[in-house]
Amino acid sequence: MRHLTQISDVSNRDVERIFAHAREFEAVLDRRIKKVPALAGRTVGFLFIEPSTRTRVSFELAARRLSADTVSLAASSSSLKKGETLTETAYTLAAMNVDCVVIRHQLEGAATKLAQLDLFHVINGGDGAHEHPTQALLDAYCALKRFGSLEGKRVIIVGDIAHSRVARSGMQLWKRLGADVVAIAPDSMLPPHLPDGVSLAPEIDDAIGEADILYFLRIQRERFTESCFPSVAEYRRYYALTRERLERIPERAVIMHPGPVHVGVELDYEAVHHPQSLINDQVRCGVAVRMAILADFIAGEGGGLEIPA
Amino acid sequence: MKYLLKKARAVCSYSGLDREVDVLVEDGIITRVEKGMSAPKARSFDLADKLLFPGFIDLHAHLREPGNEEEETLESGARSAVRGGYVAIVVMPNTMPPLSTPFLVRSVIEASRHIGFAALWPAGTLTRDRAGEAMAELGLMLDAGAVGFTDDGDSVADAALMRAIMQYAAHFGCPLMLHEEDPSLSAGGHLHEGRVSSELGIKGNPSSSESVMVARDVILAAETGARIHIQHVSARETVEIVRRAKREAIHVTAEATPHHLILTEDACRSFDTNCKVNPPLRSEADRAALVEALVDGTIDAVATDHAPHLAIEKDLEFALAPPGMIGLETAVPLMYSHFVEPGILDLHRFCELFSVGPAHVLRRDPFVVREGVRANLTVIDPTRARVVDPRTFVSKSRNTPFAGWELRGWPTFVIADGRLILEDGRLVEGGEIDG
């Protein structure tokens, strides 16, 4: 059974195929009736142990627009709170013939653990600081729409890379699609080892002028208590896309962020709503890419679909 | 009862013996060590091609009783140890309640006598109730039979308390066995901070959490004259500190586990919770440094850190699973297959690491293969390969990452305190107690 627990689970060929389907689904999303029968009769379960609104809504819309039935288990409503283990929950869902489970979990490896049981397709909707492969795919798709190709494009990823599942999946995929990836963060926000080929730039101001994609990560406020940085003011001074820095970004460059943005922390209001910001397009692409992923993993490589014209 | 162990190659690094001999054990005493013996009334065992050593000692086993008898009991642990080739094991005191009173220390010794398999040598806690706040009744526990003291599972974070304990215990002679971990540095860490933690996004436990504490305690040991023993060394920085301390004649000894000597952080890449241990499996460079230390004598003993956990405790997300793996029944064949067979360790060094070294750490007279002493002997089979199958374990737990590994060097005979308790790989039930 195929699972998407980490970005290395998909080959570049898979990525191309998923993106081709996403383009078709994007067209579907512009119609008045935004639904195709690709997954009619299939059931997608949502196991959101870590609360999430955006990712969950995006996945739910994706599944429903493919005509799948959906069931949700949130941490608060499930027996997980009562001490049932992930393994027991998985067997329960499997006994109910769920075809695919999208899991969001605050602990690293939770999606892998489900996938190792191999009871249904598992799509990782984010596991702790490990990976968030669908976010990486939708980001790449969104950037590809703008640039046509990522070959030689420079992506700067700014912020708390050590604790970011988005960065962990993203750095690998950007590299694989030919981009030049530069990490910008203080050492306290970097993992001890960056993936091969990812370079490090000490100063955002030096890097900004050469960048095509300015990718900003969300700052988790709890990082203050872990002493990763001293204050919001100091973080903004060195790592935020402030109004002042916005003046200096190249014309060709785009601004991206996985959301939700802490407006006024990592990005200023003006940056979020800047004409070069792709942030809302990322959300839009998210539904189409997740439709393509669900179709591809559940119905097979052809997506199991003849999309009606 | 008389036993005649015939034709084994006997290796005793303490007495210098290394040749094919017959060993006669009468009423629990080794009475003759010579070639080509015959003893008509003795039970005779043909041990051609086998290796015979002075009895093996494990410095580090968690037996979970009292408090967690589902995982392991004193009895299942004592039996598991014999199956693994040990005549005696040091029992860690982090039970519930902890072995922190002379009464509890004595009760383990009495239980051991009653159980009758491997001898259980209790270590008492360093601090009262293992709470890290005040000194435990070290002298009274020593009188009750404790072989050493440790808060294993935790370090003594308070440097002033550690120093006071060292000052008080300096004249005892027995080791203060130290789990070295600065809790502020390791907090929240579930595996080694390094390449794999970077990939998996799981918060790491840096090598410095160990080495910082080792440096502190070596300095305090030098200052106070206490004997300290560094448990389960995992980091290359620690190796360097211990090596230097030994050169300066500071009273420090050290142990390493088979898992830290064989596995690295890479084993955690698939989120296998059986590879979650504390201290964590570290990098290949750390492992290589440990092996070097094993060869050059910086490491005095191989110890298991046998830490039983139930399947239900381990079948969890990596961060939620408790650390630890069992080791009593795999340590000897793992070390034989991975270090003696490839020629990294010779049999003398192997004997030191499993028998003479642990005795030295505990400041006890070593077991020897020599006429006139009580028989404590371990025999292993270097020829027959067998696959690790946790279902065959005597331990009540199965948490090992070595299932399916093909190994040689499995223990076949154990004589502990004069009694034959392992015969041809099988536990001898009913305790033929004599002598």
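Visitor: Where is A:Phe120 placed in chain A?

Guide: A:Phe120 is in the loop between helix 4 (110-117) and strand 4 (121-127) of chain A. Helices (H or I, at least four residues) and strands (E, at least two) are DSSP runs, numbered from the N terminus. This is a predicted model, in which local features need pLDDT of at least 70 and side-chain atom pairs count only at pLDDT 80 or more, while totals for chains, interfaces and linings use all residues. Residues are numbered from 1 along each chain as its sequence is written, and chains are lettered from A and ligands numbered from 1 in the order in which they are written.

Visitor: Is A:Phe120 buried or exposed?

Guide: A:Phe120 is buried, because 23 other C-beta atoms lie within 10 Å. A residue is buried if 20 or more other C-beta atoms lie within 10 Å of its own, exposed if 12 or fewer, and partly exposed in between, with C-beta atoms placed from the backbone.

Visitor: Which residues does A:Phe120 touch?

Guide: Leaving out residues up to four places away in sequence, A:Phe120 touches A:Leu93, A:Ala94, A:Val98, A:Asp99, A:Cys100 and A:Val101. Two residues are in contact if their C-beta atoms, placed from the backbone, lie within 7 Å.

Visitor: Turning to helix packing, at what angle do helix 5 and helix 6 of chain A pack?

Guide: Helix 5 (residues 133-147) and helix 6 (residues 165-176) of chain A pack at about 45°, with their axes 8 Å apart. Helix 5 of chain A is therefore oblique to helix 6 of chain A. Axes are lines fitted to C-alpha atoms, for helices over the stretch in contact, and angles run from 0 to 180 degrees between N-to-C directions. Angles under 35 degrees count as roughly parallel, over 145 as roughly antiparallel, 65 to 115 as roughly perpendicular and the rest as oblique.

Visitor: Which residues of helix 5 and helix 6 of chain A make the contact?

Guide: Helix 5 of chain A contributes A:Pro133, A:Gln135, A:Ala136, A:Leu137, A:Asp139 and A:Ala140, and helix 6 of chain A contributes A:Val166, A:Ser169, A:Gly170, A:Leu173 and A:Trp174. These residues divide into 7 nonpolar, 3 polar and 1 charged. Here Ala, Val, Leu, Ile, Met, Phe, Trp, Tyr, Cys and Pro count as nonpolar, Asp, Glu, Lys and Arg as charged, and the others, Gly among them, as polar.

Visitor: What does A:Trp174 touch?

Guide: Apart from residues up to four places away in sequence, A:Trp174 touches A:Ala140, A:Leu150, A:Val155, A:Ala179 and A:Val181. A:Trp174 is buried, with 27 other C-beta atoms within 10 Å.

Visitor: And how do helix 1 and helix 5 of chain A cross?

Guide: The axes of helix 1 (residues 12-29) and helix 5 of chain A come within 11 Å and cross at roughly 65°. Helix 1 of chain A is therefore roughly perpendicular to helix 5 of chain A. A:Val15, A:Ile18, A:Phe19 and A:Ala22 of helix 1 of chain A meet A:Leu137, A:Tyr141 and A:Leu144 of helix 5 of chain A. By class, this contact has 7 nonpolar, no polar and no charged residues.

Visitor: Moving to chain B, how many of its residues are in contact with chain A?

Guide: In chain B, 15 residues are in contact with 17 residues of chain A. The chain B side has 7 nonpolar, 4 polar and 4 charged residues.

Visitor: Where are cis peptide bonds found in chain B?

Guide: One joins B:Glu65 and B:Pro66, with omega about 5°. Another runs from B:Met96 to B:Pro97, with omega near 0°. B:Pro66 is in the loop between strand 6 (56-61) and helix 1 (74-83) of chain B, and B:Pro97 is in the loop between strand 7 (86-91) and helix 2 (102-115) of chain B.

Visitor: What is the phi of B:His232?

Guide: B:His232 is not a glycine, yet its phi is positive, near 25°. B:His232 is buried, with 24 other C-beta atoms within 10 Å.

Visitor: And what about the phi of B:Asp424?

Guide: B:Asp424 has a positive phi of about 55°. B:Asp424 is exposed, with 10 other C-beta atoms within 10 Å. Most residues other than glycine have a negative phi, and most peptide bonds are trans.
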